[in-house]
Amino acid sequence: IRNMGLAAIEREFGESGRFWWDLAHGRDEREVHAERDDAKSISKERTFSEDVGDPERLHQVLASQVEDSARRLRAEGLKSRRVTLKLRLGDFSTFTRSRTLDEATAQTKELLAVARSVFEDWLTEGRGAIRLIGAGLGDLTRESQLELFAPPVSEKKASQTDAVADAIIERFGRGAILRAGSLENPDVTV
């Protein structure tokens with residue numbers, strides 16, 4: 001089409017010939033609409049410079065990852081129904097383990113409990129030291145179903161705790177507040 005003359009294109013294709021000829025020459029007056037799909041998952045990974053076999057250190061990194069991902073969930077008005085761990089060994093063999101929750105949530109405490117449980121199950125497999133660890137939150141939803149009964153007080157407190165922590169981080173930065181379980185080295189200021 002680009003190599004044909006405009007008259008030949010219009011003879012061959014009629015009214016639409018001009019449209020195709022313009023497109024072939026990089027001319028298009030239509031408005032561009034960028035489509036943005038909602039995230040399918042939110043995750044964080046960390047690759048270590050050497051293999052790490054200390055479960056306590058790995059739990060700390062995992063806690064930090066879940067905390068960051070849950071905060072992002074809440075910032076985007078999302079909830080997650082699946083927690084996935086990605087684990088890579090020094091020989092680059094990679095394993096993923098997931099667990100689906102009964103109900104979608106954005107509460108750090110709940111998501112972290114599931115992530116820790118999945119990680120503990122993986123540790124019992126005894127595969128060795130880890131080079132990369134990652135935590136992902138999937139099956140995301142914006143739906144908020146009205147509850148027949150109010151949530152238990154403990155759930156309300158967890159949501160309020162998350163909201164306060166998010167506000168502090170928003171105002172003063174990530175290092176202003178952390179869960180104790182996500183501190184890798186208490187002697188180091190973040």
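Q: Buried means under 20% relative accessible area, and exposed means over 50%. Is V52 buried or exposed?
A: First, a caution: this is a predicted model. V52 is found in strand β1. Its relative accessible area is 4%, so V52 counts as buried.

Q: What does V52 touch, leaving out residues up to four places away in sequence?
A: V52 touches R57, L58, A129 and I130. Take I130: it is 78 residues from V52 in sequence, yet the two C-alpha atoms are 5.1 Å apart in space.

Q: How much of the chain is buried?
A: Of the 190 residues in the chain, 31% are buried.

Q: Which helices and strands does the chain have, and in what pattern?
A: There are five helices and four strands. Along the sequence they run α-α-β-α-β-β-α-β-α.

Q: What share of contacts joins residues at least 24 apart?
A: Take the contacts between residues at least 6 apart in sequence. Of these, 71% join residues at least 24 apart.

Q: How do I read a nonpolar core, and how many residues does the largest one have?
A: In soluble globular proteins, nonpolar side chains tend to be buried together. Here the largest nonpolar core has 30 residues. L62, L73, L111, F119, I130 and I133 have the most contacts inside it. Helices α3 and α4 each give two or more residues to this core, and so do strands β1, β2, β3 and β4.

Q: What does L111 touch, not counting residues up to four places away in sequence?
A: The list is V66, A70, L73, S80, V83, L101, T105, A106 and L137.

Q: How do I check the span of a helix such as α3?
A: Count 1.5 Å a residue. The 21 residues of α3 should then span 30 Å. The C-alpha atoms at its ends are 30 Å apart, which agrees.

Q: Why is α3 said to be largely enclosed by the rest of the structure?
A: Because 15 of its 21 residues are buried. H59 lies in this helix. At a relative accessible area of 16%, H59 is buried.

Q: What should I look for at the two ends of α3?
A: At its start, look at D54: a side-chain oxygen of D54 reaches to within 3.2 Å of the backbone nitrogen of E56. Just after α3, look at G77, which takes a positive phi of about 70°.

Q: How do I describe two packed helices?
A: Two packed helices are described by the angle between their axes and the distance between the axes. For α3 and α4 the angle is about 145°, and the axes are 9 Å apart. The crossing of α3 and α4 is right-handed.

Q: Which residues of α3 and α4 meet?
A: Start with a rule on spacing. An α-helix has 3.6 residues a turn, so residues three or four places apart point the same way. Now the case here. From α3, the residues that meet α4 include L58, L62, V66, A70 and L73. From α4, their partners include T108, L111, A115, F119 and L123. H59 and A115 are also on these lists. Their C-alpha atoms are separated by 9.4 Å, and they are 56 residues apart along the chain.

Q: What makes a positive phi worth a look?
A: Most residues other than glycine have a negative phi, and most peptide bonds are trans. F92 has a positive phi, near 70°. D139 has one near 50°.

Q: Where do F92 and D139 lie?
A: F92 is found in the loop between β2 and β3. D139 lies in the loop between β4 and α5.

Q: Are F92 and D139 buried, partly exposed or exposed?
A: F92 is exposed, at 63% relative accessibility. D139 is partly exposed, at 37%.

Q: Is T141 buried or exposed, and where is it?
A: T141 is found in the loop between β4 and α5. Its relative accessible area is 19%, and the cut-off for buried is under 20%. T141 is therefore buried. T141 touches G77, L78, K79 and A104, not counting residues up to four places away in sequence.

Q: How does A7 read by comparison?
A: A7 is found in helix α1. At 46% relative accessibility, A7 counts as partly exposed. A7 and W21 are 14 residues apart in sequence, and their C-alpha atoms are 9.9 Å apart in space.

Notes: Residues numbered from 1 in each chain as written. Predicted model: local features only at pLDDT ≥ 70, side-chain atom pairs only at ≥ 80, totals over all residues. Heavy atoms only, no water. Core = buried A, V, L, I, M, F, W, Y, C linked by side-chain atoms within 4.5 Å. Buried < 20%, exposed > 50% of the residue type's maximum accessible area, 1.4 Å probe, protein only. Contact = heavy atoms within 4.5 Å. Expected span 1.5 Å × (residues − 1). Polar contact = N/O pair within 3.5 Å; in protein donor to acceptor, adjacent residues only side chain to side chain. Axes fitted to C-alpha atoms, helices over the stretch in contact; angles between N-to-C directions. Left-handed = near helix turned anticlockwise from the far one by under 90°.
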